[in-house]
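Work through the exercises below with the structure in view. Try each task before reading its solution.

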Amino acid sequence: MNIVVNDEPKVVAARTLATLIGELGLADARIATAVDGAFVPASGRENLALTDGMKIEIVAPRQGG
Amino acid sequence: MLFYGTPLTSPLMLGTAQYPSPEILASAVREAQAGVITVSLRRESAGQKAGQAFWSLIRELNVPVLPNTAGCHTVKEAVTTAHMAREVFETDWIKLEVIGDSDTLQPDVFGLVEAARILSEDGFKVFPYTTEDLVVAERLLAAGCEVLMPWGAPIGSGRGLNNVFGLRALRAHFPDVPLVVDAGIGVPSHAAQAMELGYDAVLINTAVAKAGDPALMARAFRLAVEAGKAAFEADPMEARDMAAPSTPLLGRPMLA
């Protein structure tokens with residue numbers, strides 16, 4: 001599967017967003033996700049099937065003003 | 001004044017960006033005795049996990065967090081960011097920024113009102129970063145906002161209160177709405193001035209983070225905010241154009 005994670009092209013084995021998060025070692029991390037510009041809550045990651053070309057954003061807490 | 005039903009322990013809101021180190025950030029937050037700290041969301045890389053260390057730090061600081069939508073230029077980006085922030089930070093408070101111009105970072109007030117309406121309907125408690133425009137303020141309140149955050153000057157400029165007349169008019173027009181000067185404050189006297197105008201809080205970031213000694217500057221801002229708040233409550237005298245002797249004229253000896 002060819003997808004884009006945080007603007008980086010990646011080839012992944014994962015079929016769902018939840019397994020992708022696990023593959024990236026972020027299963028226990030405090031993160032939020034969006035797919036193709038739309039928010040996907042943590043509860044929706046299991047059922048979100050990845051498709052070729054999907055653009056995934058994974059964000060975490062950071063310093064802000 | 002209550003912010004969506006919640007009292008702040010201090011009218012000083014402190015941003016967490018641009019400090020020389022996490023330790024200095026922590027000491028600045030403590031010296032400021034900040035009532036709120038602002039935070040953000042950025043991409044997390046699988047290797048670095050920078051966000052997880054920052055999350056631990058803000059948990060330790062134990063100060064209410066106000067996540068922002070900094071850097072968003074469209075309604076869609078801002079709304080999606082707000083949803084992600086609500087999940088990550090476990091708060092429905094959102095400092096809503098919809099930026100309209102890259103040079104001045106001034107808000108796109110049209111997009112701001114639209115995003116504020118969408119988010120308010122979705123249960124968010126929106127803190128809109130806006131201008132001092134009264135009509136925009138009315139629209140934001142109609143969209144569901146119960147707090148307004150007008151700028152003092154462009155973000156990071158340190159130029160203080162650019163339009164004191166406008167900020168005073170906003171205060172007079174909305175006596176019951178919590179008002180926060182957000183952006184542009186450079187030195188503690190600017191923060192004191194905002195509080196003297198009767199503002200309920202100020203939000204400071206660059207002025208503390210970029211000071212030579214951020215922790216000491218945080219303390220200076222705490223004292224300034226306290227002084228300005230007390231001054232407003234004490235009902236300051238009116239300025240006048242002519243001198244008026246403070247020492248009584250009666251009883252003055254004739255020595256000429």
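**Exercise 1: charges over rings**

The charged end of Arg171(B) lies over the ring of Tyr199(B), 6.0 Å from its centre. The model is predicted: local features need pLDDT of at least 70, side-chain atom pairs count only at pLDDT 80 or more, and totals for chains, interfaces and linings use all residues. Residues are numbered from 1 along each chain as its sequence is written, chains are lettered from A and ligands numbered from 1 in the order in which they are written, and side-chain values use heavy atoms, leaving out hydrogens and water.

Task: Over which ring does the charged end of Arg86(B) sit?

Solution. 
- Step 1. Recall the rule: NZ of Lys or CZ of Arg must be within 6 Å of the ring centre and within 35 degrees of the ring normal.
- Step 2. Find the ring: Arg86(B) has its charged end over Phe124(B), 3.9 Å from the ring centre.

**Exercise 2: aromatic pairs**

Task: How many aromatic pairs are there over all chains? Describe two of them.

Solution. 
- Step 1. Set the rule. Rings of Phe, Tyr and Trp (its six-membered ring) pair if their centres lie within 6.5 Å; planes under 30 degrees apart count as stacked, over 60 as edge-to-face and the rest as tilted.
- Step 2. Count: the rule gives 4 aromatic pairs over all chains.
- Step 3. Take Trp55(B) and Phe89(B). Their ring centres are 6.2 Å apart and their planes stand at 55°, so this pair is tilted.
- Step 4. Trp55(B) is in helix α2 of chain B and Phe89(B) in helix α3 (residues 75-89), 34 residues apart, so the pair links distant parts of the chain. Helices here are DSSP runs (H or I, at least four residues), as are strands (E, at least two), numbered from the N terminus.
- Step 5. Check burial: both Trp55(B) and Phe89(B) are buried. Buried means under 20% relative accessible area, exposed over 50%, partly exposed in between (1.4 Å probe, protein chains only).
- Step 6. Turn to Trp93(B) and Phe127(B), a tilted pair with 4.9 Å between centres and 45° between planes.
- Step 7. Trp93(B) belongs to strand β6 and Phe127(B) to strand β7 (residues 125-130), both of chain B, so the pair ties together parts 34 residues apart in sequence.
- Step 8. Trp93(B) is buried at 9%. Phe127(B) is buried at 0%.

**Exercise 3: an annotated lysine**

Task: Is Lys95(B) buried or exposed? What does its side chain contact?

Solution. 
- Step 1. Locate Lys95(B): strand β6 (residues 93-96) of chain B.
- Step 2. Its relative accessibility is 3%, so Lys95(B) counts as buried.
- Step 3. Its side chain makes a polar contact with the side chain of Glu97(B) at 3.2 Å. Such a contact is a pair of N or O atoms within 3.5 Å; within protein, one must be able to donate a hydrogen and the other to accept it, and residues adjacent in sequence count only if both atoms are side-chain atoms.
- Step 4. Beyond four places in sequence, Lys95(B) touches residues including Gly65(A), Phe127(B) and Asp182(B). Contact means heavy atoms within 4.5 Å.
- Step 5. Read the record: an unreviewed UniProt entry annotates Lys95(B) as "active site".

**Exercise 4: a threonine**

Task: Which backbone oxygen does the side chain of Thr38(B) reach?

Solution. 
- Step 1. Thr38(B) sits in strand β4 (residues 36-43) of chain B.
- Step 2. Thr38(B) is buried, at 0% relative accessibility.
- Step 3. Its side chain reaches the backbone oxygen of Gly64(A) at 3.1 Å.

Methods: UniProt positions renumbered as here; feature names shortened; annotations may be inferred.
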